[in-house]
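Try each task before you read its solution.

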Amino acid sequence: MNEQEANPAVRTVASTQSEMTEIILPNDTNVLGHLLGGRLMHFIDLTGAMAAYRHARTFVVTAAMDHIDFIRPVHLGDLVTLKSSVNRAFNTSMEVGVKAWAEHTRTGETVHVASAYLVFVAVDEHGNRLRVPHAEPETPDEARRYEDALRRRNHREKEYARRKEAKLATSGLA
Ligand SMILES: CC(C)(COP(=O)(O)OP(=O)(O)OC[C@H]1O[C@@H](n2cnc3c(N)ncnc32)[C@H](O)[C@@H]1OP(=O)(O)O)[C@@H](O)C(=O)NCCC(=O)NCCS
């Protein structure tokens, strides 16, 4: 494989699609036998990182995880399946979408339990940021997520600037 094949300028969104399934055991649950929220966030982070790795083909770090709703509880013994893909790549960062479902092992009933958007940044072994390939959407759903990702990035940037300003104002430095 030559360097261009290993580091193309463009990668399809489909080539980043990732999936993992976990069985929920007692150590993963609270006293009600429901999956701990933090454990689900850990699975979301891992599945998101898989898509980011497949896109960047270098080290990635989690820069942000957006607002997350825990829609339904996941019970002890359920199977949790998480799917991820890169929605859009920017300069050194990528937005990844992750969706999680719980499956009751005896009935097979499957329900959507959570969704989240994460931002990963590509870095080398010294932590220096690296440019990532463009992410090419090929289906109408991928194109919609690609457009929405830019809106969310703009929103994140505005929100970050607003928080920074508020912090300066309360510190008396503004
Ligand atoms: C993420 C990190 C590398 C960004 O470094 P930084 O010096 O703030 O970088 P910059 O401000 O130049 O931003 C670099 C990119 O990250 C994005 N970014 C940085 N912070 C972000 C945030 N909080 N939310 C979303 N995107 C963010 C920027 O938009 C920019 O994207 P672009 O290059 O595609 O335009 C740095 O904050 C870091 O190392 N954080 C700790 C990461 C970590 O330990 N994660 C948990 C374990 S993996």
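**Exercise 1.** List the residues around the ligand, then sort them by element and type.

Solution. The shell holds Val61, Thr62, Ala63, Ala64, Phe90, Asn91, Thr92, Ser93, Val119, Val121, Arg129 and Arg156. Next, the elements: strand 3 (59-65) and strand 7 each give two or more residues. Strand 3 gives the most, 4 residues. Strands (E, at least two residues) and helices (H or I, at least four) are DSSP runs, numbered from the N terminus. By type, the shell has 6 nonpolar, 4 polar and 2 charged residues. Here Ala, Val, Leu, Ile, Met, Phe, Trp, Tyr, Cys and Pro count as nonpolar, Asp, Glu, Lys and Arg as charged, and the others, Gly among them, as polar.

This is a predicted model: local features need pLDDT of at least 70, side-chain atom pairs pLDDT 80 or more, while totals for chains, interfaces and linings use all residues. Residues are numbered from 1 along each chain as its sequence is written.

**Exercise 2.** Find what Ala100 touches.

Solution. Contact means C-beta atoms, placed from the backbone, within 7 Å. Leave out residues up to four places away in sequence. Ala100 then touches Leu40, Phe43, Ile44, Val80, Leu82, Val113 and Ala114.

**Exercise 3.** Check the length of helix 3 (residues 140-171).

Solution. The expected span is 1.5 Å times one less than the number of residues. Gly172 follows helix 3, with a positive phi near 80 degrees.

Terms used: Two residues are in contact if their C-beta atoms, placed from the backbone, lie within 7 Å. A residue is near a molecule or strand if its C-beta atom, placed from the backbone, lies within 6 Å of it.
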